[in-house]
Amino acid sequence: AQKLRPDDGDLLERLFHVYGAARQPNNARKILNRMRDLRPDDPQLDLYELDMVEVKNLADIERMLTEIERIMQRHPEDHRVEERAVGMVGNVIPLMGNLCDQLTDQLNKVMNQVGNLPRYQVDWGALKEIMRDLIKEFQKLRRITGKCLPLVTSDEHKRIVRDLAEHIDQKIEACRSMGV
């Protein structure tokens, strides 16, 4: 189909999504570049490019949210951009929850170990260092939830992000209660 209609933007867009779903980022980038040639002023293409980035950790999430926010500010009246951006933000919310669960598991493991040892066997220096690191990670996640909240539109997503922020605040307090 692409050979028959090489300048068909809708066809290229579908092909881009097929390559994305097939996890062929190089082919998807080639198609995206071709789409940029055909539609240089289409703000959605910025989001398509951002959608190709694999999000694995807090830094990736923060970068993605910052870019989404920047793109939305550049195109405040474009409903297609807003709809796509909100969908992308909605997709990272579960990842944020998973990362929070991983940090919580680490905190619980440390707290259980400390709780089961006599005070004289606890390495208080190491404990403070671990708690400082956990606080730092929870604070990053908390900052990201704050960045995420204005980007979501559905009441359900807002509730999930607020609950996550409250949960993170509780975990930061738990870390601080360990003497850090």
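User: Is Asp155 buried or exposed?
Analyst: This is a predicted model, in which local features need pLDDT of at least 70, side-chain atom pairs count only at pLDDT 80 or more, and totals for chains, interfaces and linings use all residues. Residues are numbered from 1 along each chain as its sequence is written, and side-chain values use heavy atoms, with hydrogens and water left out. Asp155 lies in helix H7, where helices are DSSP runs of H or I with at least four residues, numbered from the N terminus. Buried means under 20% relative accessible area, exposed over 50%, and partly exposed in between, with a 1.4 Å probe and protein chains only, so at 64% relative accessibility Asp155 counts as exposed.

User: How are H1 and H2 oriented to each other, roughly parallel or roughly antiparallel?
Analyst: The axes of helix H1 (residues 9–21) and helix H2 (residues 25–38) come within 8 Å and cross at roughly 160°; such axes are lines fitted to C-alpha atoms over the stretch in contact, with angles from 0 to 180 degrees between N-to-C directions. Angles under 35 degrees count as roughly parallel, over 145 as roughly antiparallel, 65 to 115 as roughly perpendicular and the rest as oblique. H1 and H2 are therefore roughly antiparallel.

User: How are H3 and H5 oriented to each other, roughly parallel or roughly antiparallel?
Analyst: The axes of H3 and H5 come within 9 Å and cross at roughly 15°. In their contact, which means heavy atoms within 4.5 Å, Gln44, Leu47, Tyr48, Leu50 and Asp51 of H3 meet Arg80, Val81, Arg84, Ala85 and Met88 of H5. With that crossing angle, H3 and H5 are therefore roughly parallel.

User: Which residues does Cys148 touch, not counting residues up to four places away in sequence?
Analyst: Cys148 is one of the residues with the most contacts inside the largest nonpolar core. Leaving out residues up to four places away in sequence, Cys148 touches Leu65, Val89, Ile93, Met96 and Val161.

Definitions and conventions. Helix = DSSP H or I, 4+ residues; strand = E, 2+ residues; numbered from the N terminus. Core = buried A, V, L, I, M, F, W, Y, C linked by side-chain atoms within 4.5 Å.
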